[in-house]
Amino acid sequence: MEKFIIKGGNPLSGKITISGSKNSALPILAATLLTPEECVIHRVPNLSDIRYMLEILKFLGAQVHYDKGTVRVKNKIVNSTAPYDLVRKMRASICILGPLIARCGKARVSLPGGCVIGDRPIDLHIMGLQKLGADIEIIKGDVVAHGGKLQGTSINLKGKYGSTVLGTDNVMMAACQAEGTTIIEGAACEPEVEDLAHFLSAMGAKISGMGTQRLVIEGIKELHGCEYTIITDRIEAGTFAVAAAMTKGNLLLEQAPVQHMKSVLEKLKDCGVSIEIENTGLRVSRSGPLRAFEIVTAAYPGFPTDMQAQFCAMATIAEGTSKVVENIFPNRFMHISELKRLGANIEFYQSEVIIHGIERLSGAPVMASDLRASAALVLAGLVAENTTEVHRVYHIDRGYEKIDQKLSSVGAHISRVYSKI
């Protein structure tokens, strides 16, 4: 185990280069299973989740080479079975299901299960693939599928809490090699889904409606290899933007995907944060007080659930009372009890929290519970008096590339050390 030791109080100043999007990279890597030809993918972040996905591809028969952000992968021969020990570490591993059914005509993939932020069922994935003609059943914790000849059809992927992102990915990938035309209604509109669609198009797929809730996919017999550069990570950029706001700093976020951050940037402006678009990226600074706010998470282009925890951290030191409502994952508030350990004044009501801003937080040992919760605790540590210890930082390594090094480069006092906890 490792932990971060953070001495708060330093304004952050300088520039940080935003890494490639984890949530784009994972399904794009899975999509390489659709062709026996080599794919070259640039701007792949060096994260534990990425390494897990590359191990899965290797197990399935891929030749993989990863160096300095570029992955070369060739799936000449594909094994259609991914056991529990291989996929249990990462829920996004389920996105290999669609490509395996399309490529092999069958698949056996262990259910990834839920996670600490709440239940995340795959019923819409299964329904969509069944509509394409796959015969699917759950056997001893595995999703067992026989594809036969996939046939294009109309599918609606709208769920209780909005459209399913990975479900849209899975069905879209399988539909690329189905016979005829597939229409996906209620498709997820997230930039990462659109990025996957552009990657599939680079492989020869025929997809229209990218970035909308209606995707039209004309199936083709074979996809080919390609070279592609992944978009940068809007959630990483948003997290560093909040870091600049909380520390009263001034950061240039190079290559930040401004076009994908509208809801986050608008909310930061409402809070008194200065946002400037420059040639190389996004400049975020603050000179006046932080103002309280209200946010309600929603599917893209609404306020992202993946930024909820970071804004909760910011609310703890904002002037006034903030309200945060979580509509995507109602149980995604594991960070609240840890923020309270730092002195935050927070009231918790099922799927919403009321946060009364205080003048300053006080450092203490805290425990990371998931990826975005751990980012929120790091942000709080940057402004807390004295020293904050964030334990179990393997969570943050799933989605932030060298976050401690990036923060250190702009003035944060943060170090990574061994922990027995």
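Residues are in contact here when they have heavy atoms within 4.5 Å of each other. Please keep in mind throughout that this is a predicted model.

1. With that cut-off in hand, let us begin with H8 and H10. On the H8 side the meeting residues are Ile-235, Thr-239, Val-242, Ala-245 and Met-246, and on the H10 side they are Gln-310, Phe-311, Ala-313 and Met-314. Sorted by class, this contact of H8 with H10 holds seven nonpolar residues, two polar ones and no charged ones. The two axes come within 10 Å and cross at roughly 0 degrees. An angle under 35 degrees counts as roughly parallel, and H8 and H10 are therefore roughly parallel to each other.

2. The crossing in which H4 passes H6 is right-handed. From H4 the contact draws on Leu-97, Gly-98, Pro-99 and Ala-102, while H6 supplies Asn-170, Met-173 and Ala-174. Five of the residues in the contact of H4 with H6 are nonpolar and two are polar, with no charged residues.

3. Now to a sheet. Four strands form an open sheet in the order S4-S5-S3-S16, and the pairing is mixed. Which strands are at the edges? They are S4 (63–67) and S16 (227–229), each of which pairs on one side only. On average, neighbouring strands of this sheet are turned by 15 degrees against each other, direction ignored.

4. Within that sheet, S4 and S5 (residues 70–74) are paired in the antiparallel sense over five bridges. Asp-67 has Thr-70 of S5 standing opposite. Helix H2, residues 48–59, lies across S4 and S5 and runs at about 155 degrees to S4. Helix H7, residues 191–202, also packs on the sheet, where H7 touches S3 (38–42) and S16. The direction of H7 makes about 160 degrees with that of S16.

5. S7 pairs with S6 (residues 81–82) in the parallel sense, over two bridges, and with S9 in the antiparallel sense, over five bridges.

6. Is Leu-47 buried or exposed? With a relative accessible area of 1%, Leu-47 is buried, because anything under 20% falls in that class. Leu-47 lies in the loop between S3 and H2. Gly-399 is 352 residues away from Leu-47 in sequence, yet the two are 6.2 Å apart in space, C-alpha to C-alpha. Setting aside neighbours within four places in sequence, the contacts of Leu-47 are Lys-22, Asp-397, Arg-398, Gly-399, Tyr-400 and Glu-401.

7. Next come some backbone details to check. Most residues other than glycine have a negative phi, and most peptide bonds are trans. Lys-140, although not a glycine, has a positive phi of about 50 degrees. Lys-140 sits in the loop between S8 (135–139) and S9 (142–146), and is exposed, at 82% relative accessible area.

8. Lys-248 is another residue with a positive phi, about 60 degrees, and is not a glycine either. The loop between H8 (234–246) and S17 (250–254) is where Lys-248 is found. Its relative accessibility of 44% counts as partly exposed.

9. A cis peptide bond joins Tyr-300 and Pro-301, with omega at about 15 degrees.

Methods: Residues numbered from 1 in each chain as written. Predicted model: local features only at pLDDT ≥ 70, side-chain atom pairs only at ≥ 80, totals over all residues. Heavy atoms only, no water. Left-handed = near helix turned anticlockwise from the far one by under 90°. Nonpolar A, V, L, I, M, F, W, Y, C, P; charged D, E, K, R; others polar. Buried < 20%, exposed > 50% of the residue type's maximum accessible area, 1.4 Å probe, protein only. Pairing = 2+ DSSP bridges. Axes fitted to C-alpha atoms, helices over the stretch in contact; angles between N-to-C directions. Parallel < 35°, antiparallel > 145°, perpendicular 65-115°, else oblique.
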